[in-house]
Amino acid sequence: MAAGPAAPRVLNVNVGVLGHIDSGKTALARALSTTGSTAAFDRAPQSRARGITLDLGFSCLRTALPPQLGPGPGELQFTLVDCPGHASLIRTIIGGAQIIDLMMLVIDVTKGMQTQSAECLVIGQIACQKMVVVLNKIDLLPEGKRQSAIEKMTKKMQKTLENTKFCGCPVVAVAAKPGGPEAPESENPLGVSELIEVLKSQAYLPSRDPSGNFLMAVDHCFSIKGQGTVMTGTVLSGSVSLGDNVEIPALKVTKKVKSMQMFHTPVTYAMQGDRVGICVTQFDPKLLERGLICTPESLHTIHAAIISLKKIQYFRGALQTKAKFHITVGHETVMGRVMFFSPAPADFNKEIQEKVFDFEKDYLYQEEYLSKDSNSSEENKENDQSEVQLPRQQWALLEFEKPVTCPKLCLVIGSKLDTDIHANTCRLAFHGVLLQGMEDKNYMETFLPKLKVYKLKHKEGQVERVMDDYSVIGRSLFKKETNIQIFVGLKVKLSTGEDGIIDGGFGQSGKFKIRIPDGLKPDTKMLLTVASKKKSKAGKGDTIKEDESSKNDSAQPVTISLLFKRYVFDTQKKMIQS
């Protein structure tokens, strides 16, 4: 619904400008916007005035619609999302991940890939389909060696991207602000018009969906006297029209849309991917610096969540259960504790369930996320299983330190943001999709018992002596103070092969009686009788030589194995045997 029939079609493509701190992102955004709005594209002074809006890292450049994007007159508008500073980078990009269509990774040509460049690349791989690498600051290279230095760095970048989805993406060399920040404005940027041509060649029709609930990420809020409060931001999903009601969940209020503008042009409608300013009835703009607005009651506030997740390959170290991570979900980053779990081993290769979580199934508790380099797979290597079986899908329970408000099925990223910013290490640990949020504050009582995550317990003891052909006495399986009553009826297995059932305690010292329904094998009986004779003999004062007694001990005692499952969230701590 454009304003009037004469308005030319404007296609908006959102370009994320990412890179290591001080790689010249903002200078590049400024150079692109200025070049873009004063070069041949926008001759008319009013469109030139409108062509650049440097507002909290958003600016725009307009150019004629390139042929690959369809016939007819029209303009292509690039909205440059300059992700400021690093701490907010993660929050900003993840918040806007759904709407970044194309990413520019800005690299300082004199330094190459740096830690945060790698993190930006990770975020790009999670959130974005296309990328252009920009080698910035080429004015710092001595003229004679400039070309060869650029070629060398281009090759290096192409090598780095070989195993990513951006393999073969364009690499463009520029100097966004020759001479650095202090240089006079008259210094013209180098290579920026070429970069604009590359961006045009990479532009595509983003898939935008106006259906579903309206959700917008607000990054700026101010009031205009006599008109109301304006919230500017990017529509993440759905659409909004004049007169609609929108909710500001952080303030728990609903407001009516009075007017809307896109880059200083009044509009009556905006949809997913659009940058828009929405004016509503007055409220104090200080209350909402950044945040989300939405269709009333479409967001939920949750205390915990189940997510499906993948580890980020550049993260060093294990992802351990009970560890704390910074969890970025929707537009918020909070501390959260994780518990990892996988399918039961029989289901490791089952098809992946994309957007649902099945509460009917049993899941296996994991001390850490299973990956090629995790400890649990180290043990398997030692057990001579050269090929470690990893599940196709894994999940985590996230418990937040304070509740978060977010849409359903949103992107989740776990990171260690407290790692030293100068340490040469990727701080992003895992990414996933939120499958199920827990809105009840008392989710531990009301919700978690439905989650069937079990631990496999394995206890070992020894047969003390034979009572008769159908029963033996065991020891060392329980502590003295254990209530053996709760184990009565559980099945055990002897190392000699017999199956038994725990029948009850025996005496006070944690010993117990085992019933052997099919009876003891003659060999087992002999083994046990010999062992107990030796013991009693040694007890009567016949001194057996040291080495002899150790030989006899090595005549393997008969061990008792007790295997059972215990569900982590079962309040009654029942033991279950299949």
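How many of the 13 residues of α4 are buried? Ten of them are, so that this helix is mostly covered, where buried denotes a relative accessible area under 20%, exposed over 50% and partly exposed in between, computed with a 1.4 Å probe on protein chains only.

The model is predicted: local features require pLDDT of at least 70 and side-chain atom pairs pLDDT 80 or more, whereas totals for chains, interfaces and linings use all residues. Residues are numbered from 1 along each chain as its sequence is written, and side-chain values rest on heavy atoms, without hydrogens or water.

The protein chain contains ten helices and 29 strands, taken as DSSP runs (H or I of at least four residues for helices, E of at least two for strands) and numbered from the N terminus. Of its 578 residues, 47% are buried. Among contacts with a separation of 6 or more, 71% join residues 24 or more positions apart, a contact being heavy atoms within 4.5 Å.

Most residues other than glycine have a negative phi. K137, in the loop between β5 (130-136) and α5 (143-160), has a positive phi of about 70 degrees and is partly exposed at 23% relative accessible area. K252 lies in the loop between β10 (245-248) and β11 (253-262); its phi is positive, near 55 degrees, and at 72% relative accessibility K252 is exposed.
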